[in-house]
Amino acid sequence: MIDWRRKMSDHIAYALLVYTALQIFVTVGALKAHGGSLLPYFALVILVVAIIPACRRFESRWNRLTDEQAHAPSLAPYYKRDRLALWALAIGLPFALTALFKGLALVFR
């Protein structure tokens, strides 16, 4: 039987791993490119602060389900929606914010 709570929890864990790897990769690249600028460090802090509440929100929404609801096939569309949003956030946020801060670094150079 499908347990939506467990499936979402697994996706959150994997998304955090991917997010962390991307964050390190993208931020280290920005640090090498901009030398002494503090903007990449600020981007790193913003990225950490942004992902924690988002993941808590996803986790909390699915953990509130009763045992009966957790196995209801009718929740499949909501699960797919939340899974897509989670992965878009985990993959897109490091690139979007790093691009924003790189642009700000160019403007204030």
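First, some housekeeping. The model is predicted, and local features need pLDDT of at least 70, side-chain atom pairs count only at pLDDT 80 or more, while totals for chains, interfaces and linings use all residues. Residues are numbered from 1 along each chain as its sequence is written, and side-chain values use heavy atoms, with hydrogens and water left out.

Let's start with the core. By a nonpolar core I mean a set of buried Ala, Val, Leu, Ile, Met, Phe, Trp, Tyr and Cys residues joined through side-chain atoms within 4.5 Å. Buried means under 20% relative accessible area, exposed is over 50%, and partly exposed lies in between, with a 1.4 Å probe and protein chains only. The largest core here has 20 residues, and those touching the most other members are Trp4, Met8, Ile12, Tyr19, Trp62, Leu65 and Leu86. Two or more residues come from each of H1, helix H2 (39-63) and helix H4 (76-107). H4 gives the most, with 7 residues. Helices here are DSSP runs of H or I with at least four residues, strands are runs of E with at least two, and both are numbered from the N terminus.

Now please look at Met8, in helix H1 (residues 4-34). Buried or exposed? Met8 is buried, at a relative accessible area of 0%. Setting aside residues up to four places away in sequence, Met8 touches Phe58, Trp62, Tyr79, Asp82, Arg83 and Leu86; contact means heavy atoms within 4.5 Å. Tyr79 is 71 residues from Met8 in sequence, yet their C-alpha atoms are 7.5 Å apart in space. Trp62, with that same exclusion of residues up to four places away, touches Trp4, Arg5, Met8, Leu75, Tyr78, Tyr79 and Asp82.

That brings us to Arg5, another residue of helix H1. Arg5 is buried, with a relative accessible area of 17%. Its contacts, leaving aside neighbours within four places in sequence, are Trp62, Asn63, Leu65, Thr66, Asp67 and Ala70. The side chain of Arg5 also reaches the backbone oxygen of Leu65 at 3.4 Å.

On to charges. Side chains of opposite charge can pair when their charged atoms come close. How many salt bridges does the structure hold? There are 4, where a salt bridge is a side-chain nitrogen of Lys or Arg within 4 Å of a carboxyl oxygen of Asp or Glu. Arg5 forms one with Asp3, the closest N and O atoms being 3.2 Å apart. Arg5 meets Asp67 in another, at 3.0 Å from N to O. This second pair links distant parts of the chain, with Asp67 in helix H3 (residues 67-70) and Arg5 in helix H1, 62 residues apart. Asp67 counts as exposed, at 55% relative accessibility.

Next comes Arg61, which forms a salt bridge with Asp82, its closest N and O atoms being 2.7 Å apart. Here too distant parts of the chain are linked: Arg61 sits in helix H2 and Asp82 in helix H4, 21 residues apart. Arg61 is partly exposed at 24%, whereas Asp82 is buried at 2%. Finally, salt bridges that share partners join Asp3, Arg5 and Asp67 into one network.

Note on methods: Polar contact = N/O pair within 3.5 Å; in protein donor to acceptor, adjacent residues only side chain to side chain.
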